[in-house]
Amino acid sequence: MNKDFLIRAATEADARAIAEIHVGGWLWAYRGLVPDGLLDSLSVDRREEGWRRGFADHRPGRAVFVAERDARAIGFVACGRSMDDDAAKGCGEVYAIYIEHEVQGTGVGRALLARAVQHLREYGFRQATLWVLANNDRTRRFYEVAGWRPDGTEKTDEWHGFPLREARYRIEFPAG
């Protein structure tokens, strides 16, 4: 893997770049998987506002990391305590992970996911979950290669008026 990028803790100053990657990620990764109307409704400005609120919310264990190349953000991952109602104590969650389309397959996504897992383990979580679109086979394979497995839980969330079916993945962290 050619590692011509670095991963660092994100700050509020990264909110705009993260929002651009987030919306851009939806546009390239989900086209054909979710309704075009949902994709057309996405707004970088609204996403940026949401990320700024997120940076102001200092929940224990929560972290956002940015991958950058040549001082430009090319991906991000956000993680922290699981937000699922049925989460066991000691369960973390990867909330979001997105990269720019042109860096797909270069190791940026794998490195971001590994950094999130490292953070969750260091914070003391014993396992973690994440949600993925149930019909997103490419991303499901990405998680499975990294050792994550579907745990059989699915949900349908309304997102801007569009129902999205998601599957939950889980990974257990070995002791030590």
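A71 is exposed, its relative accessible area being 71% (exposed means over 50%, buried under 20% and partly exposed in between, with a 1.4 Å probe and protein chains only). The model is a predicted one, in which local features need pLDDT of at least 70 and side-chain atom pairs count only at pLDDT 80 or more, whereas totals for chains, interfaces and linings use all residues. Residues are numbered from 1 along each chain as its sequence is written, and side-chain values rest on heavy atoms, with hydrogens and water left out.

A71 belongs to the loop between β2 and β3, where strands, like helices, are DSSP runs numbered from the N terminus (E, at least two residues, for strands; H or I, at least four, for helices). D70 is found in that loop between β2 and β3 as well, and D70 likewise counts as exposed, at 74% relative accessibility. Most residues other than glycine have a negative phi. A71, although not a glycine, has a positive phi of about 65°, and D70, also a residue other than glycine, takes a positive value near 50°.

D14 itself is located in the loop between β1 (6-9) and α1 (15-29). In contrast to the exposed A71, D14 is buried, with a relative accessible area of 10%. Its side chain makes a polar contact with the side chain of R8, at 2.7 Å, the term denoting a pair of N or O atoms within 3.5 Å of which, within protein, one must be able to donate a hydrogen and the other to accept it, while residues adjacent in sequence count only if both atoms are side-chain atoms.

An open sheet of mixed pairing is formed by seven strands in the order β1-β2-β3-β4-β5-β7-β6. Its edge strands are β1 and β6 (149-159), each of which pairs on one side only. From one strand to the next the twist averages 25°, with axes fitted to C-alpha atoms and angles running from 0 to 180 degrees between N-to-C directions. Strand β7 (residues 162-172) runs antiparallel to β5 (residues 127-133), to which seven bridges join it, and in this pairing W131 stands opposite R168. Eight bridges join β7 to β6, again with an antiparallel course, and here the bridge partner of T156 is R165. The hairpin of β6 and β7 has two residues between the strands, and H160 takes a positive phi near 55° in it.

Overall, the chain has five helices and seven strands, which follow the pattern β-α-α-α-β-β-β-α-β-α-β-β along the sequence. Its radius of gyration, taken over C-alpha atoms, is 16 Å, close to the 16 Å that the globule rule (2.2 Å times the number of residues to the power 0.38) gives for 176 residues, so the chain is as compact as a globular protein of that length. Of the 176 residues, 45% count as buried.

Conventions:
Two strands pair if DSSP finds at least two bridges between them.
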